[in-house]
Amino acid sequence: MERNGHKRNSFRRRGAETPPVRISGDNSCIENSSESAILENVDNFIDLLSAVDDKSSGIAEVPDFLVSFTRIMEGKIDRYNRGGGKERFMDFVVRISKLTDALSQFPDNPAITSALSQTSVALQRAMAVLEEEFRSLMEDSRHDCDSRENASDSELKDYAAYSPGVIEKMKEIASMMISAGYESECSQVYYIVRRNAIKNQLTKMELDVASNMDDVAKMQWEQQEIDISRWLNAVKHCSEVIFPAERKLGESVFAASPEVKSSLLINLFRLVVIQLLDFVEATTMAKRSAEKLFKFLDMYEALHNLIQSIGGEFSGEELINEVIDAGERIGECAACIFTDLENSIKSDVARSPVPGGAVHPLTRYVMNYLKYACEYKASMEKIFGGRSEFAETHARATVNLSSHDVEKESESPHNFETMEQTTPFSIQVVTVMDLLDGNLEKKSKLYRDPSLQNVFLMNNGRYILQKVKGSGEIREVIGDTWCRRRSAVVRQYHKNYQRETWNRVLPWLNHDGLMVNGKLNKPLLKERFKLFTATFDEIHRTQSAWVVSDLQLQSELRISISSVLVPAYRSFVGRFRQYFESNKQVDKYIKYQPEDIETLIEDLFEGNMASMGRRK
């Protein structure tokens, strides 16, 4: 076994311009002296060697007690190998290391050569024993943890779970080996054991995902989604368990050697991270699709957490930069997928309307997509924050607006001036919602009935508004002012519906023209009752098949209709019922009582397709 810190049997040969230093020790009591006395003699001898300024002069002789010291050291090594003799073993190892180092600084002569040969052999044997014990402690004591109360997580307790006593012993051995120049041997043992432990953890996590780019490119999304989930679990386990535990263990064992600790940790982390990043690279090369966005964002956030868990002391390391680059690539993929939503909306062209003016599937899809995307608001802001071209594109588009477009833009609930805080991501979200509005406007034209057009726009507008209000994440992105303006737009659709539908009924309840020179125009009265009934029946039959799934909106519509129609009808019936000569005439011309109208209004917007006429 080679040692790094000392030069074995390689001493300078120089002329004896300066007489050798004569250093002697007390040899008279060596045979019967205690170990403490021997150690004291060795310490004194080491101090004397260190005090020599001109070491090139050499030393004439070495004390005889060094022979006894090395003999005792060899005996302790033998007993240590057999599992005993651990008393004061480390004290002797410390002295043999210091003594070997001190002797190696002098030119060789017969006395030095003999003494250095003995101490070097003893030191090498001692280091071999400690190296084996170090390995044994690391391999055999991984689950010997009697005191885990300081662990903050159950998984952390089970991983790298060494007892305080074992850690203290490993720390002592590591410090001894490094100070004796055996850093390489100590580091190698530590790295191999911890590497195997990490590999075992990753095997338990089933991190056998495909990283071959061709395999990933051909893989069905269902399988790729499973692999990404495994990858995410592995990254989470590394970030929350493996890396913190390895850091804590390294800091404990190599407390006296921070550079050794840092070197070992970065190499252990690299072992894992490179495997994880290979999968990221393969994933970014696969075909993009909308359903991949949220898994990609999970990967983006997982990489961000991974950087935090690796640690700030490695901020200048190439490994950190590789993780950052991988995060940027997966973030760019996520941004491209999100912006592809615009093309999906533009290309969604329908030839037939949704029955009953209900919420369109595109509206549900886009708003749910935005809801989940905004749950990743912090990440999306970071991703789009580095894509200034989005803001520039919007700026160019605004400059190119015509005067009509500017007027329309100012009325839009998505007008950027209504947003409390404009960011590249919020601009992207509002752009998507503008496109959705435009698409819905075109789809509303598929209905021939203007009233149904407004019900369709009202339904979809209300759904959008409720989604935003129900999602704190979306609302935070686009702001409360947007919600107020969207509410105003939905109310306008409501007014338009009311005007288009019930303005056809109310004229038949007009009193004008029924009394001429104090006399009732009975044929005209009969005609108005008949027209009211026919018009109302047609509306009821048609609009009972229309759909308003939002119960609050449904209730608001019915109340607003009743508040306009029922009082007018009650007044008209109350005023002119008396002019019919018999109950038979009343039943013929007055089909509904005011209470009947109220009841029938409650049937509207139930989506009863059986009552749907030919009208769309």
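**Helix packing and buried residues in a predicted model**

Phenylalanine 605 sits in the segment after H24. Helices here are DSSP runs (H or I, at least four residues), numbered from the N terminus. This is a predicted model, in which local features need pLDDT of at least 70, side-chain atom pairs count only at pLDDT 80 or more, and totals for chains, interfaces and linings use all residues. Residues are numbered from 1 along each chain as its sequence is written, and side-chain values use heavy atoms, with hydrogens and water left out.

**H24 and the segment after it**
- Phenylalanine 605 is not a glycine, yet its phi is positive, at about 70°.
- Most residues other than glycine have a negative phi.
- Phenylalanine 605 is buried, with a relative accessible area of 1%. Buried means under 20% relative accessible area (1.4 Å probe, protein chains only).
- Helix H24 (residues 594-601) has buried residues Pro594, Ile597, Leu600 and Ile601. They lie on the same side of H24 because they cover an arc of only 120° around the axis. The arc is that of the directions from the helix axis to the C-beta atoms.
- The cover over the buried residues of H24 includes helix H21 (522-543) and helix H22 (551-576). Contact means heavy atoms within 4.5 Å.

**H2 against H3**
- The axes of helix H2 (residues 65-81) and helix H3 (residues 89-103) come within 10 Å and cross at roughly 135°. That makes H2 oblique to H3.
- Axes are lines fitted to C-alpha atoms, for helices over the stretch in contact, and angles run from 0 to 180 degrees between N-to-C directions.
- Angles under 35 degrees count as roughly parallel, over 145 as roughly antiparallel, 65 to 115 as roughly perpendicular and the rest as oblique.
- Residues making the contact include Leu66, Phe69 and Tyr80 of H2, and Phe89, Phe92 and Leu99 of H3.
- By class, the contact of H2 with H3 has 11 nonpolar, 1 polar and 2 charged residues. Ala, Val, Leu, Ile, Met, Phe, Trp, Tyr, Cys and Pro count as nonpolar, Asp, Glu, Lys and Arg as charged, and the others, Gly among them, as polar.

**H9 against H11**
- Helix H9 (residues 221-253) and helix H11 (residues 293-310) have axes that come within 10 Å and cross at roughly 15°. H9 and H11 are therefore roughly parallel.
- Among the contact residues are Trp221, Trp231 and Arg247 of H9, and Lys295, Asp298 and Ile310 of H11.
- The contact of H9 with H11 divides into 13 nonpolar, 4 polar and 4 charged residues.

**Glutamine 453**
- Glutamine 453 lies in helix H18 (residues 450-470). Glutamine 453 counts as buried, at 17% relative accessibility.

Technical notes. Helix = DSSP H or I, 4+ residues; strand = E, 2+ residues; numbered from the N terminus. Buried < 20%, exposed > 50% of the residue type's maximum accessible area, 1.4 Å probe, protein only.
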